[in-house]
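Reader: I am new to this structure. Could you take me through it in short steps?

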Amino acid sequence: MNYKKQDIEEFEYIHIFNLLKDILKFNEKKYGDYVKDTLKILLELEKNGETIIDVDKTVVGFELLKDGWPNIHLKVLKDIGLLNSVNSPFVFNNRKLTLVKWSRKIKRVLNAFLKKIDKIAINSNNDNKLDQIKNIFKSSNLVFLQGGPGTGKTTMIINFILYCLKSDTYLNIGLAAPTGKATSRLKESLNQQKDILLSNSLDQIECQTLHKWIFNSNNKAIEFKFKLKELDIFIIDEMSMVNIDIIETILDLIAKDCKIILVGDRNQLSPVKNCSIWNYLFEYSDNKLINSCIVNLKKTYRNSGDISLLSNLVFNNNNSLFNKKINELEKEKKIKEINILKSNNTNIPIELLNIIKNNLSKLRKSTSNLSNKKYIFDNNIDNLISHEKDLVNKILFDLQSHLILCEKNTGNWSVEDINDTVIGKTKPYDFKNLEEGLPIMCTKNNYELGISNGDIGVLIGNNDNRKYLFRKFNDNNELVVQLIDPSNLENIVPAIAITIHKSQGSESEKVSILWLKKTKLDESINSDKKESENIFFRDNYEKRLLYTAITRAKKLLDIYYLN
């Protein structure tokens, strides 16, 4: 029997409620709806990675069983012993509410961090960020490197590695990221640096996803240069995406004297259905020892124009500044790097559809130019770059030149909406018969093939020659492009557009965002005459979502918004 995702979630919600009722023995008839409301709010927001909520600012996007959220609900929970008591499931401090399971995990990870810090790092009053990292490591084995897009985080990582290797060429150094996509970008940066240095000194570095590092530490089937417990230095990128369970496992597996650099952007999205210790640290923590180990990168090198300005305004305390900038950009008629396009129609904007069709036409042509070389389908070819470098690079360029980002997988202006409109069919899709040149995405890790969840490829060949073309990295961190038989790789979906969540760790010359404007009710007036105001974001999650989408763009950004 097949169960819908919604049915499973409803069962989990009811199951947790019944457990609480049986253990804590509260009066269900009198108080049950208040408990159900609170539990549902926390579980729904947890899906977006929001495991700690500001009860006064968080938007509740569904109808509650009882009026009076949050104050009446919180009072009821406190009166019946479900809030901040010994066995209570909820923790409430400073108007912030969370489940006790997240509170306990956060405490464990914070304690693990503190064990790696001997004392507060002395402020050197040196603006050189590399020197700041060196200084912190004199009194700690832990550094937090925080910065937005284009602030030079990856460059800083590599410069620190080179500095360390000059002192000791035999250091065991590991790099990691939470996704295959983000890990690939790290490997590309290492390869670029090797070409500049004309040196093999970086060859000894092992760079893998966090899941592979953990799997390797518990399994002898995969051979890395070294295991986690053997590392002298371990650097983890894209920390906002790392869930708290993964980082807790990593901290258990590494050696006590291993130096760790955690790298991330405090404004990016948290992992779905889990807690981001990174976002917690920069939003709620005020521990002096931890704060002394933070290095902030603020100067932007990649983009100092409107894209950078708009992304910074998302988290400005004065929301009117963001709306003012959007209105200015919408009225401007001259050619610019950001275009704001308003629509009152739930159909995919015709301008965007024409751009998509044009992009697919280019990709279809570059793909067919390669597939016309019939010998490429020979099973003995391990790396297409070695045989048809120019044609392969053209495909990769066309594949990565424009990102189409949606808020959700289903509904109006969603990934599914775009796929159905462009392909002309609804899922399930028959990938053997879809047109060559269609972008595809893998949605599940396949360690045997070296393909990760979120990796983007393309359909190539027709009929019996139908294959999936994917780029990946071999054991020597070298770029490899291979053809994969569809029978060997399941969990493939069209990638004409992808969700903003899936875009984390990516960047593109041009990005188009499909954004649904939000409605905020004015609660200060009579409840029968509540007025609504159209805005771009209502709470912290929506800010993170929009910020993540905007910061994928390097040069050009189109924001289509459904009013």
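Reader: Where does Pro428 lie?

Author: This is a predicted model, where local features need pLDDT of at least 70, side-chain atom pairs count only at pLDDT 80 or more, and totals for chains, interfaces and linings use all residues. Residues are numbered from 1 along each chain as its sequence is written, and side-chain values use heavy atoms, with hydrogens and water left out. Helices (H or I, at least four residues) and strands (E, at least two) are DSSP runs, numbered from the N terminus. Pro428 lies in the loop between helix H16 (415–423) and strand E12 (439–442).

Reader: Is the peptide bond from Lys427 to Pro428 cis or trans?

Author: Most peptide bonds are trans. From Lys427 to Pro428, omega is near 5°. That bond is cis.

Reader: Which residues does the other cis peptide bond, with omega about 5°, join?

Author: Look at the loop between strand E1 (52–54) and helix H3 (71–79). Pro70 is found there. The cis bond joins Trp69 and Pro70.

Reader: Does Asn94 count as buried or exposed?

Author: Asn94 sits in the loop between strand E2 (90–93) and strand E3 (96–99). Its phi is positive, near 50°. Buried means under 20% relative accessible area, exposed over 50%, partly exposed in between (1.4 Å probe, protein chains only). Asn94 has 70% relative accessibility, so the residue counts as exposed.

Reader: What is the relative accessibility of Lys273?

Author: Lys273 is in the loop between strand E8 (259–264) and helix H10 (277–283). Phi is positive here too, about 55°. Lys273 counts as partly exposed because its relative accessibility is 47%.
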